[in-house]
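Please consider the following structure together with its sequence. The explanation below leads from the overall fold to individual side chains.

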Amino acid sequence: MKNPLHVRIPRVMVLCAMVAVSLAGLSRTAEAQRRGRRRLIGDPPELGIRAGYDFKVDHFSLGGQLHIPGRGFGLLLSGDSYIQPGTNPYQLNADLVLQFQTLRPLYAGGGVGYYHAGTGDVGPNIVVGLEPARRRGSAIRPYAEGRWTFLDNGTPFRFVFGVNLVFGR
């Protein structure tokens with residue numbers, strides 16, 4: 001039986017909606033309120049591009065990431081489109097990561113991923129990444145991360161490199 005609620009939503013619209021919802025919580029506040037917010041939110045948000053490789057299906061990917069850093073944690077929203085002849089698979093992810101104080105360049109966490117290749121599949125993510133030491137005053141934030149997504153048709157491993165730019169400084 002066909003699912004009557006199945007509606008195809010373009011991936012660009014889904015990614016834009018994720019970014020818009022994330023940015024809605026970062027509205028400007030009065031300076032007196034900002035000091036309290038900085039204790040929780042931490043550094044300004046970062047937005048950037050990334051390229052990767054899926055070892056299960058042997059394909060490259062291009063995508064983007066929105067990183068909302070907190071104090072000791074961060075929210076990562078990302079999307080990737082896979083370069084695959086004849087199809088247009090993509091994956092959207094929302095992850096909460098911990099940034100370890102003693103192992104500063106390392107972060108790890110988990111969340112949920114939505115993979116679409118003709119039909120959709122939702123599953124949990126595990127993500128581990130490295131973010132090199134940041135130069136004081138630099139708006140460029142390079143990173144590398146590995147991701148496992150547990151889907152119905154297997155557990156692909158993806159490796160990505162990316163560069164985020166800090167905005168709101």
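The paragraphs that follow treat the fold, the paired strands, the salt bridges, the aromatic rings and the surface in turn.

This is a predicted model, in which local features need pLDDT of at least 70 and side-chain atom pairs count only at pLDDT 80 or more, whereas totals for chains, interfaces and linings use all residues. Residues are numbered from 1 along each chain as its sequence is written, and side-chain values use heavy atoms, with hydrogens and water left out.

The secondary structure of the protein chain consists of two helices and eight strands. Here helices (H or I, at least four residues) and strands (E, at least two) are DSSP runs, numbered from the N terminus. Along the sequence their order is α-α-β-β-β-β-β-β-β-β. Of the 169 residues, 36% count as buried; buried means under 20% relative accessible area, exposed over 50%, and partly exposed in between, with a 1.4 Å probe and protein chains only. A contact is defined as heavy atoms within 4.5 Å. Among contacts between residues at least 6 apart in sequence, 46% join residues at least 24 apart.

Seven of the ten residues of β7 are buried, so that the strand is mostly covered. Two strands are taken to pair if DSSP finds at least two bridges between them. On this basis β7 runs antiparallel to β6, to which six bridges join it, and β7 also runs antiparallel to β8, with nine bridges between the two. Arg-147 takes part in both pairings: Arg-147 is the bridge partner of Val-127, and Arg-147 stands opposite Arg-158 in β8.

Which side chains meet Arg-147 in salt bridges? The term denotes a side-chain nitrogen of Lys or Arg within 4 Å of a carboxyl oxygen of Asp or Glu. Arg-147 forms one with Asp-95, where the closest N and O atoms are 2.5 Å apart. This pair links distant parts of the chain, since Arg-147 lies in strand β7 (residues 140-149) and Asp-95 in strand β4 (residues 90-99), 52 residues apart. Glu-145 forms another salt bridge with Arg-147, at 2.9 Å between the closest N and O atoms. Both Glu-145 and Arg-147 are buried. Salt bridges that share partners join Arg-50, Asp-80, Asp-95, Glu-145 and Arg-147 into one network. Asp-95 is buried as well.

A search of the whole structure finds six salt bridges. One of them brings together the side chains of Arg-158 and Asp-54, at 2.8 Å from N to O. Because Arg-158 lies in strand β8 (residues 157-166) and Asp-54 in strand β1 (residues 46-54), the pair ties together parts that are 104 residues apart in sequence. Arg-158 counts as buried at 6% relative accessibility, and Asp-54 counts as buried at 1%.

The aromatic side chains are considered next. A pair of aromatic rings is described by the distance of the centres and the angle of the planes. Rings of Phe, Tyr and Trp (its six-membered ring) pair if their centres lie within 6.5 Å; planes under 30 degrees apart count as stacked, over 60 as edge-to-face and the rest as tilted. By this rule there are seven aromatic pairs. In one of them, the rings of Tyr-53 and Phe-55 have centres 4.9 Å apart and planes at 80°, so the pair is edge-to-face. Phe-55 is partly exposed, at 49% relative accessibility. Ring pairs link Tyr-53, Phe-55, Phe-60, Trp-148 and Phe-157 into a cluster.

Trp-148 also belongs to a nonpolar surface patch with Ile-126, Val-128 and Phe-150, and the four together have about 320 Å² of accessible area. Patches are made of residues with over 30% relative accessible area and no salt bridge, like charges being joined within 9 Å and nonpolar side chains (Val, Leu, Ile, Met, Phe, Trp, Tyr) within 5 Å. Val-128, located in strand β6 (residues 119-130), is partly exposed with a relative accessible area of 35%. Accessible areas come from the Shrake-Rupley method with a 1.4 Å probe, and for residues only the protein chains shown count as cover. The protein chain exposes about 10200 Å², of which carbon and sulfur atoms supply 66%.

Two further residues complete the account. Asp-58 has a positive phi of about 60° although it is not a glycine. Phe-167, found in the segment after β8, is partly exposed with a relative accessible area of 32%. The C-alpha atoms of Phe-167 and Asp-43 are separated by 9.8 Å, and these residues are 124 residues apart along the chain.
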